[in-house]
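Please look over the structure shown below, together with its sequence, before reading the report.

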Amino acid sequence: MIPELGHLALIIALGLALALSVIPMWGSYKNHFQAMALAPSLAIGLFVFVAISFGCLAHAFLNDDFSVSLVATHSNSMLPSAFKFAAVWGNHEGSLLLWVLILSIWTAAVAVFSTPLPLPVLARVLAVMGFVAVGFLLFSLLTSNPFARLLPSTPSDGSDLNPLLQDIGLVIHPPILYMGYVGFSVAFAFAIAALLGGRLDASWARWSRPWTNTAWAFLSLGIMLGSWWAYYELGWGGWWFWDPVENASFMPWLAGTALVHSLAVTEKRGLVKSWTVLLAIFAFSLSLLGTFLVRSGVLTSVHAFAADPTRGVFILVFLACVIGGSLTLYALRAPAVSSRINFSWLSRDCLLLLNNVFFLTATLTVLFGTLFPLLMDALGQGKYSVGPPYFNAVFVPLMAVLVPFMGIGPNARWKQDSVSRWQRELLVPALVALLLGAVLPWFHAGEFNPWVALAVVLASWLALAMLRDLLSKLRHASGVGAGLRRLSPSYYGMQLAHLGFAVAIMGVVLATQYSVELDLKMSPGESHEIAPYRFRFDSLEQVRGANYVADEARFTVTRGGALVATMAAQKRRYLASGQVMTEAAIDAGVFRDLFIAMGDPIGDQAWAIRLQVKPFLRWIWAGAIAMALGGFLTLADRRYRRARSAATLTLPGANASGAI
Amino acid sequence: MHPVRKQRLLVVLFILGFSTLAVGLVAYGLRGNINLFFPPADIVAGKAPLGQPIRMGGMVVEGSVIRSEDSLRVQFDVTDYAATVTAVYVGILPDLFAEGQGVVTAGVLDGQGVLQASEVLAKHDENYMPPEVAEALQKSAGAGS
Amino acid sequence: MARFKLFLPLGLFVALALLLARGLQLDPKALPSALIDQPLPEFSLPVLGAEQILSRSEVVGEVALFNVWATWCISCRVEHPYLGHLATQGVPIYGINYKDDDAAALQWLQQLGDPYRLSIVDAEGSLGLDLGVYGAPETYVVDRSGVIRYRHVGVVDERVWSEILEPIVTRLRGDG
């Protein structure tokens, strides 16, 4: 009964989404007040019914209703409750419903928080989001109904959730990631509404900035969680694989990063409006493309959902409608004549646009690498795969060249600046960074590693340049406290995000360069040293979990005789599905991670064991978290609240804080 | 030169330079970092290059997995039912690796026709065959008829 | 001219969409055979475990399945019990023992049961070549007049039979 209720709620939600995409849009052209005013209520109604539908599916999972096909194939009565709930989105149909739920959350949030927007704008924004919702609801109902029943032959128990997914990572990773992915639909909707209304101005950029920043922050966090999950759950110690599914989430992030910066230029200086609109369309298009790549089976990936060409056709058609439609609209409506170029090469405006060039190039090269196998296949050239070396070879130099400019950016003035001023401000940070790069690697490892040196130079340059900027902001304040208080949250957000980037650079390079990885045959009683740590294989035990049995290898790790950690790696066999899974033992630390994983048994009591020491690994994720927090922090900015309370006034963008 | 003209020229030059750099990076990145897929039949027929990274996919032949007693060396046969190629891998096999299941291995073919694998990917599911394996099987079907 | 520039993104997207559409087609699940609706090739081969040479005319005349199998084929072992089940239901099945060793094949049938009317020994793979067999298992549906109507690649199980093969067999039988 309850699954049918969920199905019905989904159908009602489709009706509401249809109404939302048509009525307010019509009203905005006819200047029909009631029709436009209907938009927020329809948006909230859409959210309520999708939420009911989602709740019904969750109910079926939590109560082991195996008559529902999805539950029978992706859950099991022995599964812990939290994983039963997460199992809702551990499959194609359910995760699609989660997609729609999150889209409806964003839509409702726009409806609630953007009431002071001019009504025609709000009506159009919500209508565009309604249209996207129609597409995905149709997709769900027509090709991937999550409520399909297995009647009359209801199985007595489910075939279990893939053990890889039975993890806290699955509980939080997809919702956060989708918040980011889908969040770009708001920026997209604002862009389309602006094109439709023909009013592309600074106020448009100001309205969509907080939304874009939020989505970007969620996406950063989501990608970070995905990387962390891959590291301990299926990575054998790897944390990024350039897998098509990872790329599918990374490309919108890259484009979104460009968008966040381009919006700053548009809001502050009223420049490059059509470019910013195009980026907004681009970022969301990449989200949709990611959905297509993950769910259509055109690319091979360990993460991809089961391939189904019908679904692929549906998303492709929808993709063509949304992206093709919006790009056509863009071609017809975007202001063709660019605003008169009235900024100098040496200005913050220009540096921000340089950011766009870098991030867009990075996006396109990742896109190219991801689609290259498909392209060669389509040309009949055979089955290629593009590995991590390609992506590293392309991506790393791009980022390395980007960072020097990143340090200048926040210090630069809008419109016009000079090299001599930059020299005055930044020469000291630059020299200190070079010095640190030359000294720190010796200090840490006793040898000179050029890659590490480069990373230290870049990261410390970035951090010092940010500090320099903070200091010069405080220069004219009466006191440090007063000066700090005067700076806006969006300035702090920017600082934090850029510092996060510096931390992530350190993490990525040092973890890659200093990692030691050994695959060994070990028996209980043996030990092995990865300086300065000594790994001792103490014993092999049989243990039993809620829904699995496992061989457990217990280790003690010592350093110079002192105990560092006791660790237990497992090789699990899940009872319901019979699947075997490696559960690595990880001892996390600020400066190093210790990692032990069991391979296969080799002979009597001996196992293939992987030992790893990964210095600075956590810095990668700490950096990503700082970036995300920076993104969230900008939301607290008074500018946006003021914009809310007086949105119809077009305030000049000038802001004493100088934040971007 | 007129300042606007000059600025435009600089923009064009910048775009030109930057895109050259990007294309150069891509071309460099692609060189030697992509590998072509070969089914065992093609390898036995001598179509696959020696000493270059390639990928091979098929089914792990039942009973062919030989583990070394004192190291992590594993040897196994991969078949597409038309031909069989032996692969050697030193390291930890993925959890889903099993006899009679689909597998994709990446590595280099040596003079003896043995694939020295550097990576083994497996996915284990009755209904699943790695798409490349399925395609390889279908290709040899097309060649036969 | 300035407007034209703005169409560039759209053009690029169209190219991308075409590539993706092509990508979807490149994922063929069903395998078309050159021999569909062609007569079963002529052959003259021994019967497994019997001193007899068989030719095409002796096996056509009713709607039947031709199952390509071998002892080296892992999946054949998987589908074997189900073929036995089909045989007890009265479905005529001919075996084509493909590139196999006679003694091993006979032992296999002794151990696991023999679902076949008879098994054609195709030790050299000559019939297989004519049929376009690339491996085992494969199952062909042949109608009364000896024309191949369907080719299934892979294991025949309950689902494949009830969803794909049985409707075809039923239809062919009904065709008068």
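## Basis of the model

This is a predicted model, in which local features need pLDDT of at least 70, side-chain atom pairs count only at pLDDT 80 or more, and totals for chains, interfaces and linings use all residues. Residues are numbered from 1 along each chain as its sequence is written, while chains are lettered from A and ligands numbered from 1 in the order in which they are written.

## Nonpolar cores

A nonpolar core is a set of buried Ala, Val, Leu, Ile, Met, Phe, Trp, Tyr and Cys residues joined through C-beta atoms within 7 Å, where buried means that 20 or more other C-beta atoms, placed from the backbone, lie within 10 Å of the residue's own. The largest such core has 249 residues, and A:Leu46, A:Leu126, A:Ala187 and A:Leu462 have the most contacts inside it. A second, separate core of 30 residues includes C:Leu40, C:Val63, C:Leu109 and C:Leu131.

## A sheet in chain A

E8(A) pairs with E9(A), residues 592–601, over 3 bridges in the antiparallel sense, and A:Asp587 stands opposite A:Leu594 in E9(A).

## Chain B

Chain B has 3 helices and 7 strands, helices being DSSP runs of H or I of at least four residues. Of its 145 residues, 35% are buried.

Notes:
Buried ≥ 20, exposed ≤ 12 C-beta atoms within 10 Å, placed from the backbone. Pairing = 2+ DSSP bridges. Helix = DSSP H or I, 4+ residues; strand = E, 2+ residues; numbered from the N terminus.
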